[in-house]
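Please read the points below with the sequence and the model side by side. They go through a few places that I would look at one after another.

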Amino acid sequence: MTFRSAIYAGDVVHSRMRPRRHRLHYRVFSLLVDLDELESLSRRLRLFGYNRFSLFSFYDADHGRGEAGGLRRWVSERLTEAGIDAEGGRVALLTYPRVLGYVFNPLSVYFCYDAKDRLVAILHEVSNTFSEKHTYVIPVTGEVQETIEQACDKLMYVSPFIPMDCRYHFRIAPPEERVLVRIAEEDSEGPLLIASFAGERRAMSDRGLFKAFMSHPLMTWKVTGGIYYEALRLWWKGMPLFRHEKAPQRYASTIVLPQAQNGDNPQ
């Protein structure tokens, strides 16, 4: 059986422009999981489990409101709130899987399609190390190009080295043979940070998963370790620190209307 779900292996790159230059580059891989294929993937693949332990696993608890079996419904509710008709369409989620039971996802991206398989919305689910999540629900308007440009105000604390008063600019190449997710973050003084993931598609199979594990052993553990290692480097460089601002809700979402992408306040 051929799955729409896939493995994307590639590179995460962060480049910070000020007040000190800082750059990181890590080899990683993400899974693109079609939410309607999760049960089938879990049955047919020995190395993948849905809501159960495996070498690689996907748990609903890691996304949305954290409800087992409720992720597809949660996405549909967000689309309905945004006035987007995606009934009968599919949802593909680009995210890190749990590896031997552990994962931390700074960003997960939902590609939402309608019944005619047209991309109608992208959900950007941002997580921080304080177990808080904020999802930016952004409609895809007009004719879909090879790359999609979106923007929104930052509404949740993420890093102790970046202020809250910032704006995200997303540049997305939807998943085909390659995928690109690029975020340029700016504050009142201009561009501050560029973060990106670019990956190449590989088939979702036990063979593919095994190769991913061997080439990126304990990857998700290294992601968290890398976050603290890079934080130490930034601190050593004398970067200013910003205190954690607790989110009003542990799980929150914001619908970003077209005018908000141009700089007005989001809904």
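**Notes on the predicted model**

1. Leaving aside neighbours within four places in sequence, Phe213 is in contact (heavy atoms within 4.5 Å) with Leu55, Phe56, Val99 and Leu218. Phe213 belongs to helix α3, residues 206-215, where helices (H or I, at least four residues) and strands (E, at least two) are DSSP runs numbered from the N terminus. At 18% relative accessibility Phe213 counts as buried, the classes being buried under 20% relative accessible area, exposed over 50% and partly exposed in between, with a 1.4 Å probe and protein chains only. The C-alpha atoms of Phe213 and Phe29 are separated by 9.5 Å, although these residues are 184 residues apart along the chain.

2. As to the basis of these values, this is a predicted model in which local features need pLDDT of at least 70 and side-chain atom pairs count only at pLDDT 80 or more, while totals for chains, interfaces and linings use all residues. Residues are numbered from 1 along each chain as its sequence is written, and side-chain values use heavy atoms, with hydrogens and water left out.

3. Phe56, one of the contacts of Phe213, is also the bridge partner in β4 of Phe48. Strands β3 and β4 pair in the parallel sense over three bridges, pairing being counted if DSSP finds at least two bridges between two strands. The open sheet has three strands in the order β3-β4-β6, with mixed pairing. Because β3 (48-50) and β6 stand at the edges with a single partner strand each, one side of each is left without a neighbour in the sheet.

4. Which residues of helix α2 (residues 71-81) are buried? They are Leu71, Trp74, Val75, Arg78 and Leu79. They cover an arc of only 135° around the axis, which puts them on the same side of α2; the arc is that of the directions from the helix axis to the C-beta atoms. What covers these buried residues includes β4 (56-58), β5 (91-95), β7, β8 (119-127), β9 (133-139) and β14 (251-255). Just after α2, Gly83 takes a positive phi of about 75°.

5. Strand β10 (residues 148-153) has five of its six residues buried, so it is largely enclosed by the rest of the structure. β10 pairs with strand β11 (residues 167-173) in the antiparallel sense over six bridges, and Asp153 stands opposite Arg167 in β11.

6. Leu100 sits in the loop between β6 (98-99) and β7 (107-113), and it counts as partly exposed at 37% relative accessibility.
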